[in-house]
Amino acid sequence: MSLKILDTCVNCDVCEPACPNKAISLGEEFYVIDPALCTECVGHHDEPQCVVVCPVECIIIDPAHAESREQLEDKYKHLMETKG
């Protein structure tokens, strides 16, 4: 699954640089996560880095974008192929 940032985000700016896939950007009111780029850090880290660094715990699993571990791994591989 992709992650999503709730409207309780305080725009502290710590999650954006923590994302290895550059899936996080500043939205109109608070930070947002692009589900096409979010792999929950699969392929990079053991746990989602945005969740680790978020001081207000406003980043959750997005049930609207359900993906298995295998799908996240495939997305990671595809992102790395298109990156290079």
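Three helices and four strands: that is the secondary structure of the protein chain. Helices (H or I, at least four residues) and strands (E, at least two) are DSSP runs, numbered from the N terminus. From that end, the order is β-α-β-β-α-β-α. The radius of gyration of the chain is 12 Å, close to the 12 Å from the globule rule for 84 residues, so the chain is as compact as a globular protein of that length. The radius is taken over C-alpha atoms, and the rule is 2.2 Å times the number of residues to the power 0.38.

A word on the source. This is a predicted model, where local features need pLDDT of at least 70, side-chain atom pairs count only at pLDDT 80 or more, and totals for chains, interfaces and linings use all residues. Residues are numbered from 1 along each chain as its sequence is written, and side-chain values use heavy atoms, with hydrogens and water left out.

Now the overall picture. The C-alpha trace spans about 35 × 25 × 25 Å along its principal axes. How much of the chain is buried? Buried residues are 32% of the 84. Buried means under 20% relative accessible area, exposed over 50%, and partly exposed in between (1.4 Å probe, protein chains only).

Next, contacts, meaning heavy atoms within 4.5 Å. Take those with a separation of 6 or more: 67% of them are between residues 24 or more positions apart.

The accessible surface of the protein chain is about 5300 Å², and carbon and sulfur atoms hold 51% of it. Those areas come from the Shrake-Rupley method with a 1.4 Å probe; for residues, only the protein chains shown count as cover.

Charge next. The chain carries 6 positive and 16 negative side chains, with the centres of the two sets 6 Å apart. Lys and Arg count as positive, Asp and Glu as negative; His and the chain ends are not counted. Each charge is placed at NZ of Lys, CZ of Arg, CG of Asp or CD of Glu.

Now single residues. Which residues other than glycine have a positive phi? D13 is one of them, with phi near 75 degrees. D13 sits in the loop between β1 (3-5) and α1 (15-18). D13 is partly exposed, at 43% relative accessibility. C41 is another, with phi near 70 degrees. Its loop runs between β3 (31-33) and α2 (49-53). C41 is buried, at 8% relative accessible area.

Last, E81. E81 is in helix α3 (residues 69-83). E81 counts as exposed, at 63% relative accessibility. E57 is 24 residues away from E81 along the chain, and their C-alpha atoms are 32 Å apart.
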